[in-house]
Amino acid sequence: MAGAEEAAKQQFVNFAFYKVDPLWRRLPKEVRDQGKQEFVRAAEEYTGKVIVVPYTTTGIRGDCDFLLWRISYDLEMFQEMSSKLLATGLGQYLTTPYSYLSMTKRSIYVDHHVHEGQESRRLKISPGRAKYIFVYPFEKTREWYLLTKAARQGMMDEHIAIGHKYPSVKLNTTYSFGLDDQEFVVAFETDSPQDFLDLVMELRSTEGSRYVKRDIPIFTCIMKSLKEVVETVGG
C-alpha cells in the first residue's frame, strides 16, 4: 500500500548548478582534498532521502562547473542538504549561479502517447541512465494558453511525433508554475548529443515553436560520480 501511495505522489525536483571560486584552486592540496571529502560525505548522508545525480559542466560552460540533479518527496530536504554541502570545505568556495525548482506532474498532452516503461505518466523520474543531460528552463507565451485545448493538443501531437523519431533521447518534463520563475524545466538524457541536436533542429520547424517565449540558458552536462565531479573543479 505504501508503495502505491508513493507512486502516486509528485516529486520535487531541483537542478542546482554550482560555480567554484578560483581561490579554491590556490589552496594547499591537503586542504582541497579534505574539503572534497567533506562535500562527498555530506551528500552521502542523504542517500535514501534525496536522489542525487551529479554532472560536470567544467570546460563546457564558463558560468558554472557542475550540476546536482536532485529529486525528493520532501521539499525541505533540498534546503537542509544544501546547508550542509555549503558548510563543507569545498562548499565554502561555491556559489549557485542557477537553481531551478520544479515538480513532476501528469501531462495533459501525452495520455495517448505513453511509452513502454513510462512510470506513472511522469509522476516519477528515474534519472541517470545516460552519459549526457541537456537542461533548460522553458516558458510558453500567454497566447499559447488562450488557444483551445484541441489546438494545443494538435501542435503537441506534432511535437511528440518528432520526439518518437529519436528514441535515444529521453525527455524529463517537470513543472514550475508558481514555484519558480520559469513554467517548466526540461531535461533530455541521451548517449548521443548528435541525436539531441537533430531533434532540437527539427522541433524548431513545428507550429508549436511559434509559442515559445524562453528556452535558455541551455546546459550541456556530462554524468560522473560525485567523487569524479569534485575532482574536475581543480584537484
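**Aromatic pairs and cores in a predicted model**

Phe188 has a relative accessible area of 7% and is therefore buried (under 20% relative accessible area, with a 1.4 Å probe and protein chains only). This is a predicted model, in which local features need pLDDT of at least 70 and side-chain atom pairs count only at pLDDT 80 or more, while totals for chains, interfaces and linings use all residues. Residues are numbered from 1 along each chain as its sequence is written, and side-chain values use heavy atoms, with hydrogens and water left out.

The ring of Phe188 pairs with that of Tyr136, and because the centres are 6.0 Å apart and the planes at 25°, the pair is stacked (centres of Phe, Tyr or Trp rings, the six-membered one for Trp, within 6.5 Å, and planes under 30 degrees apart). Tyr136, at 10% relative accessibility, also counts as buried. Since Tyr136 belongs to strand E5 (residues 132–140) and Phe188 to strand E7 (residues 184–190), the pair ties together parts that are 52 residues apart in sequence (strands are DSSP runs of E with at least two residues, numbered from the N terminus). Both residues belong to one aromatic cluster, which also includes Phe134, Phe138 and Tyr145.

Elsewhere, the largest nonpolar core has 26 residues, and Phe39, Phe66 and Leu85 have the most contacts inside it (a core is a set of buried Ala, Val, Leu, Ile, Met, Phe, Trp, Tyr and Cys residues joined through side-chain atoms within 4.5 Å). Among the elements that give two or more residues to this core are strand E1 (12–20) and strand E3 (66–72). Apart from it lies another core, of 17 residues, including Tyr55 and Val135.

Conventions. Buried means under 20% relative accessible area, exposed over 50%, partly exposed in between (1.4 Å probe, protein chains only). Helices (H or I, at least four residues) and strands (E, at least two) are DSSP runs, numbered from the N terminus. Rings of Phe, Tyr and Trp (its six-membered ring) pair if their centres lie within 6.5 Å; planes under 30 degrees apart count as stacked, over 60 as edge-to-face and the rest as tilted.
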